[in-house]
Every structure is written in structure tokens, then in C-alpha cells.
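Hello,

Here is the structure I promised to pass on to you. Please have a look at it first, and then read my notes below.

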Amino acid sequence: MKADEIRKLEAYLQHKFELPKLSVRARPKKDDSAEVYIGDEFIGVLYRDDDDDDLSWNFQMAILEIDLDEV
């Protein structure tokens, strides 16, 4: 993903989730996705989908059972 696209997605997610500490970072050697963090904690991957001329992004986040013990 390009830097300006990452900045727009980051601003959108920060606003949508009310999380100013959320950041979207480019992935090394990948141009179709970016990593999503809250502070220094990796939380998921944002995939770019431009099939069929309809551009969209999909956010994938795994929640481990051990993560639920923290709440």
C-alpha cells in the first residue's frame, strides 16, 4: 500500500474506533496489506482488495482464548 493510502486508513480507523494510539504500518515486502497496531501491540492485518474494480479494505484480527483471560 502507498503511504498516502496508509495515512487515510489510519485516520479512518482512529476516528471509527476512537483510538488515537492506533497505527497502520506498511508491511515489509508486501504491497497488498498493512499491519495494524495499538501502541506497540500488533492487533491485525489490513488487506487491500481491488478485484472487480471495487476498491475496499478488509481488516483481519485474531482473538486468542488467552486474550480473553485479560478482561
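A salt bridge here is a side-chain nitrogen of Lys or Arg within 4 Å of a carboxyl oxygen of Asp or Glu. Arg 48 and Asp 50 meet that rule, because their closest N and O atoms are 3.1 Å apart. Please keep in mind that this is a predicted model.

The structure holds 2 salt bridges. Besides the one with Asp 50, Arg 48 also has a salt bridge to Glu 5, at 2.7 Å from N to O. That pair links distant parts of the chain: Glu 5 belongs to helix α1 and Arg 48 to strand β3, 43 residues apart. Glu 5 counts as buried, at 11% relative accessibility. Arg 48 is partly exposed, with a relative accessible area of 31%, and Asp 50 is partly exposed too, with 44%. Through shared partners, the salt bridges join Glu 5, Arg 48 and Asp 50 into one network.

Now to the core. The largest nonpolar core has 10 residues, among them Met 1, Leu 9, Val 24, Val 36 and Leu 46. Two or more residues each come from α1 (3-17), β1 (22-26), β2 (33-38) and β3 (41-49), and α1 gives the most, with 3 residues. Leaving aside residues up to four places away in sequence, Leu 9 touches Met 1, Val 24, Leu 46 and Trp 57. As a general point, nonpolar side chains tend to be buried together in soluble globular proteins.

The strands β1 and β2 run antiparallel and are joined by 5 bridges. Their hairpin has 6 residues between the strands, and Lys 29 takes a positive phi near 65° there.

Arg 25 has another neighbour to look at: the charged end of Arg 25 sits over the ring of Tyr 37, 3.8 Å from its centre. Tyr 37 also takes part in an aromatic pair with Phe 42, and the count of aromatic pairs comes to 1. The rings of Tyr 37 and Phe 42 are edge-to-face, with 5.6 Å from centre to centre and 70° between the planes. Tyr 37 counts as buried because its relative accessibility is 13%, whereas Phe 42, at 42%, counts as partly exposed.

When you open the model, you could start with the network of Glu 5, Arg 48 and Asp 50, and then turn to Tyr 37 with the charged end of Arg 25 over its ring.

Best wishes

Technical notes:
Residues numbered from 1 in each chain as written. Predicted model: local features only at pLDDT ≥ 70, side-chain atom pairs only at ≥ 80, totals over all residues. Heavy atoms only, no water. Core = buried A, V, L, I, M, F, W, Y, C linked by side-chain atoms within 4.5 Å. Buried < 20%, exposed > 50% of the residue type's maximum accessible area, 1.4 Å probe, protein only. Helix = DSSP H or I, 4+ residues; strand = E, 2+ residues; numbered from the N terminus. Contact = heavy atoms within 4.5 Å. Pairing = 2+ DSSP bridges. Phe/Tyr/Trp six-rings, centres within 6.5 Å; stacked < 30°, edge-to-face > 60°. Lys NZ or Arg CZ within 6 Å of the ring centre and 35° of its normal.
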